[in-house]
Amino acid sequence: MTGIRKVVAALFAGLVLTLLSVAPAAAQADKLKLTVAGDGAQGVTIQASYPDGRRLDRVVRLVLTATGPDGQRVGPVQLEPQPEGQGFYSSGPLLSAGTWKVTVNSPAPLQSRTTATVQARAAQSPPAPKPVAVTADGPRDRGAAAGWWPFAAAGLVLVAVAMGVAMLFGRRRAATPND
């Protein structure tokens with residue numbers, strides 16, 4: 001073999017090895033890791049990410065189907081991404097109370113399928129507030145709290161009248177000539 005043929009053969013072998021090492025990674029990148037859980041009420045939440053743990057950087061249309069107690073079936077339901085974060089999906093309330101087998105599928109190019117058991121519970125409302133007793137102010141309480149302001153207002157009126165009288169008499173005296 002000549003030198004050029006050896007170089008071309010080495011380059012070709014290196015290219016083949018590079019392509020073979022990238023092929024499993026490319027196959028791995030075509031799948032999603034789907035984490036399915038109940039939302040604590042009658043819905044399902046799904047967190048989608050790449051198998052290596054990176055956040056999902058594009059919108060994927062997930063399809064949910066569920067089989068519940070007594071053979072009830074829900075779906076297929078197409079899920080839309082939620083604003084809570086990248087790769088976060090939520091079904092909203094669609095399950096009745098009981099144990100459900102939920103399957104989530106992701107179409108091509110990021111094909112994936114995950115099945116999980118979810119416990120759906122009836123939605124609970126917050127506890128009713130305790131009643132608050134309404135009491136009217138008694139005359140004793142009212143007099144103690146509101147009794148000072150009439151005296152303050154009367155004092156201000158007396159000061160204003162005294163100043164007005166002093167100004168009125170002060171002018172008259174200045175207007176009369178001294179004897």
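I looked up the sheets and found an open sheet of 3 strands in the order E1-E2-E5, with antiparallel pairing. Strands here are DSSP runs (E, at least two residues), helices are DSSP runs too (H or I, at least four residues), and both are numbered from the N terminus; two strands pair if DSSP finds at least two bridges between them. Strand E1 (33-38) and strand E5 (88-90) stand at the edges with a single partner strand each, so one side of each has no neighbour in the sheet.

I noted that this is a predicted model, in which local features need pLDDT of at least 70 and side-chain atom pairs count only at pLDDT 80 or more, while totals for chains, interfaces and linings use all residues. Residues are numbered from 1 along each chain as its sequence is written, and side-chain values use heavy atoms, with hydrogens and water left out.

I then followed strand E2 (residues 44-49), which pairs with E5 in the antiparallel sense over 3 bridges, and I saw that Gln 47 stands opposite Phe 88 in E5.

Next I looked up an open sheet of 4 strands, which has the order E4-E3-E6-E7 and antiparallel pairing. Its edges are strand E4 (73-79) and strand E7 (112-120), each with a single partner strand, so one side of each is left without a neighbour in the sheet. Within this sheet, 5 bridges join strand E3 (residues 62-67) to the antiparallel strand E6 (residues 98-106), and Leu 64 stands opposite Val 104 in E6.

Last, I looked up Phe 169 and placed this residue in helix H3 (residues 148-175).
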